[in-house]
Amino acid sequence: MAASWQIWRPDRGRSFKHEGILVMLVMDLVLQSVNGYLSSPHVGQEAPYSRDAPHGPVITSPVVPSAASVSPTDKENYTSKCPSGGLCSRLPADCIECNYQHNCTYGKSASFSCKPRKGVHCIGETGHQESHFVLSITCQFCWQLDPSQYRCSNSTNCMTVSCPRQRYNATCDVLDHVHCLGRRRFQKRLFCNWTGGYKWSTALALSITLGGFGADRFYLGQWREGLGKLFSFGGLGIWTLIDVLLIGVGYVGPADGSLYI
């Protein structure tokens, strides 16, 4: 019995061989999986090639365009409204560059050193071309200008006939030939002043002649009041007289909240 372990079985070596091949195949699959996992980009990591590849129009040259240079598009934008050969002091504000100082006296005349922008040619009082000139303007910021010297956006979302009068935030731009200190585009709170095309004279005429039938209220877009006047015969004449007074003084206006023309 002690010698039974020495008996060699032919199929035992064959089973060891098959098991070794199976183990090698499993290890090969595991190594391929690990290698593929390590070489692939993980979540939150860049792919190995993305570090050297450019992303979009990146400038790799050490030469960076100068900020002071003017692109052809920008040059066309301001040169199209800059007269060539005119007086330097008459050039629009977008055509010149001035060294404005804010230490001047408000409301007084102040002189500043200016020069025409690149591509703009102008002459001085002597008739010779100048690269530098002196500009005299009134010392005030752009938002302090007279309302006739700037244009503001209009709002149709606020009521012009209200108490107290409503205001809105408007964006204002200074006119081209007006020079001032500070930003040429600014915000300002203005009273609602838009119009829907209703005429005060027409509304008053309808109130006097056909007010008893509610024609004035219908014209102003106030349909409920117009129907009330129509079926009550102008409130037996009392409502008609009251509307003549209210429209005459401008207290009753269009239903959309706009101003009369």
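A residue counts as partly exposed when its relative accessible area falls between the buried limit, under 20%, and the exposed limit, over 50%. Keep that in mind as we walk through this structure, which is a predicted model.

Let's start with Tyr198, or Y198. Its relative accessible area is 21%, so Y198 lands in the partly exposed class. Y219 has a relative accessibility of 25%, and so is partly exposed too. These two tyrosines have their ring centres 5.6 Å apart and their planes at 85 degrees, which makes the pair edge-to-face because planes over 60 degrees apart get that label. Y198 sits in the loop between β8 (185-191) and α3 (200-210), while Y219 belongs to helix α4 (residues 215-219), so the contact ties together parts that are 21 residues apart in sequence.

How many aromatic pairs turn up when the whole structure is searched? There are four. Another of them is Y100 with F112, an edge-to-face pair with 5.3 Å centre to centre and 75 degrees between the planes. It links distant parts of the chain, since Y100 is in the loop between β2 (96-98) and β3 (109-116) and F112 is in strand β3, twelve residues apart. Is F112 buried or exposed? F112 has a relative accessible area of 6%, so it is buried. Y100, at 28% relative accessibility, is partly exposed.

Now for the sheet. Strands β6, β7 and β8 form an open sheet of three strands in the order β6-β7-β8, with antiparallel pairing. β6 (150-152) and β8 are the edge strands, each pairing on one side only. Ignoring direction, neighbouring strands here are turned by 40 degrees against each other on average. Strand β7 (residues 167-174) pairs with β8 over seven bridges in the antiparallel sense. If you want to find that pairing on screen, look for D173, whose bridge partner in β8 is R185. There's a side-chain contact to look at as well: R167 places its charged end over the ring of F191, 3.9 Å from the ring centre.

Finally, the record. An unreviewed UniProt entry lists residues 198-218 and 230-252 under "transmembrane region". In the model, residues 198-218 are 71% helix and 0% strand, and the end C-alpha atoms of that span lie 12 Å apart. Residues 230-252 come out at 74% helix and 0% strand, with 18 Å between the end C-alpha atoms.

Technical notes: Residues numbered from 1 in each chain as written. Predicted model: local features only at pLDDT ≥ 70, side-chain atom pairs only at ≥ 80, totals over all residues. Heavy atoms only, no water. Phe/Tyr/Trp six-rings, centres within 6.5 Å; stacked < 30°, edge-to-face > 60°. Helix = DSSP H or I, 4+ residues; strand = E, 2+ residues; numbered from the N terminus. Buried < 20%, exposed > 50% of the residue type's maximum accessible area, 1.4 Å probe, protein only. Lys NZ or Arg CZ within 6 Å of the ring centre and 35° of its normal. UniProt positions renumbered as here; feature names shortened; annotations may be inferred. Pairing = 2+ DSSP bridges. Axes fitted to C-alpha atoms, helices over the stretch in contact; angles between N-to-C directions.
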